[in-house]
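Trainee: Could we go through this structure together, one question at a time, so that I can follow how each answer is reached?

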Amino acid sequence: MSAPLLSLRGVCKSFGGVVANHDVSLSVPEGGIVGLIGPNGSGKSTIFNLICGTHPVDSGEIVFRGENITAKTTAEIARGGLVRAFQQTRVYKQMKCLDNMRISAPPQGSWFARPAEESAEEARRLLGFVGLAEKENWRAGELSFGQQKLLELAMALTAKPKLLLLDEPTAGINPTLINGVMARLRAVNEEFGVTLLVIEHNMRVIMNLARNIFCLARGEVLAEGAPAQIQNDKRVIDAYLGG
Ligand code: ADP
Ligand code: MG
C-alpha cells in the first residue's frame, strides 16, 4: 500500500460555539475519486476550507504528498498542486472564454510559461477537452450555467493540479447536462491523472462517480466505504432522513 495523496488526522474546527468538524480523519488515494457526503451543515465545505488553508484548523494534521500542509497558506498549497475548483476559479462573464483561460494560468511552472502562441494552443486544447472549442470567442456570460462550470473546470486544469477539490460540481446544472459533467470529471481523472475529492448532494452522481465515500454527520465521519455499502448503511440513511 502506497501512502495516500491526502490525509487528514483528527482534524477539529469550531466557529465560536459551533463545532463544524470534530476529529475528522480521512484519506484520499493517489489517482482515486473520493466522495464526501452528508446532510446540510454537516461540515463538508469546512473540510475543504481547512484543506485549502482558507481557515486554520483548531487541532489535527493535514498531509499532502507526504508533506504537512496544516499551517501553509492557500497560495503555497495551490502551488503544491492542490486546487479547489468552483471557488478559486471564477468565470469573468465579460471576457471571452479563451481570455478567461489565459488569466487563470499560473505564471510559473505551467504550460503557460511559454510563448503566447503555445499557451493559446494549450488553452484551446483544454477548451476542446470540456467541449467548448467552438465557444472560445464567446463571452463567458453568454454560456449556459453548466457550460460556465465546464469553463471553470478547464481553468482549474491550467494549474496542472494533482488533486482537485470540487464542491457540488453539479449543483444548479440542468439534469440533462449532468451526465456530461460527470463524464468530463471522469476524463479529468483518467486522462489527466488528477485525483478528485468531490462534495456532492446528488446521490446518483456521487454513487456513480466515487470509488470510496465518506459520510459526515454533525461534523464527524459517520461512515466510510464503497458506494454500495454507503447507500445501504442504516446510519447514513438515518442521518439524511433525520435532517
Ligand atoms: P456543509 O458544507 O456540510 O453544508 P458547512 O461546512 O458549510 O456544512 O458548515 C458546518 C457548520 O459550520 C454549520 O453549522 C455552519 O453554519 C458553520 N460554519 C461554516 N463556516 C462558518 C464560518 N465561516 N463562520 C461561522 N460558522 C461557520
Ligand atoms: Mg457546503
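Mentor: Let us begin with a term: a residue is called buried when its relative accessible area is under 20%. Please keep in mind throughout that we are looking at a predicted model.

Trainee: With that cut-off in hand, how many of the residues in helix α1 are buried?

Mentor: Helix α1 covers residues 44-51 and is mostly covered. The buried residues there are Lys 44, Thr 46, Ile 47, Phe 48, Asn 49, Leu 50 and Ile 51.

Trainee: At roughly what angle do the axes of helix α3 and helix α5 cross?

Mentor: Two packed helices are described by the angle and the distance between their axes. Here α3 spans residues 97-104 and α5 spans residues 145-157, and their axes come within 8 Å. The crossing is right-handed, and the contact is made by Cys 97, Asn 100, Met 101 and Ser 104 of α3 with Leu 151, Ala 154 and Met 155 of α5. The angle at which the axes cross is roughly 35 degrees.

Trainee: Is Asn 100 buried or exposed?

Mentor: Asn 100 lies in helix α3, and, leaving aside residues up to four places away in sequence, Asn 100 touches Arg 90, Val 91, Tyr 92, Met 95, Ala 140, Leu 151 and Met 155. Because its relative accessible area is 0%, Asn 100 is buried.

Trainee: Which residue has a side chain joined to that of Asp 233 by a polar contact?

Mentor: Asp 233 is found in the loop between α8 and α9. This residue counts as buried because its relative accessibility is 15%. A polar contact of 2.8 Å joins the side chain of Asp 233 to that of Arg 235.

Key:
Residues are numbered from 1 along each chain as its sequence is written. Chains are lettered from A and ligands numbered from 1 in the order in which they are written. This is a predicted model: local features need pLDDT of at least 70, side-chain atom pairs count only at pLDDT 80 or more; totals for chains, interfaces and linings use all residues. Side-chain values use heavy atoms; hydrogens and water are left out. Axes are lines fitted to C-alpha atoms, for helices over the stretch in contact, and angles run from 0 to 180 degrees between N-to-C directions. Helices (H or I, at least four residues) and strands (E, at least two) are DSSP runs, numbered from the N terminus. A crossing is left-handed if the near helix is turned anticlockwise from the far one by less than a right angle, and right-handed if clockwise. Contact means heavy atoms within 4.5 Å. Buried means under 20% relative accessible area, exposed over 50%, partly exposed in between (1.4 Å probe, protein chains only). A polar contact is a pair of N or O atoms within 3.5 Å; within protein, one must be able to donate a hydrogen and the other to accept it, and residues adjacent in sequence count only if both atoms are side-chain atoms.
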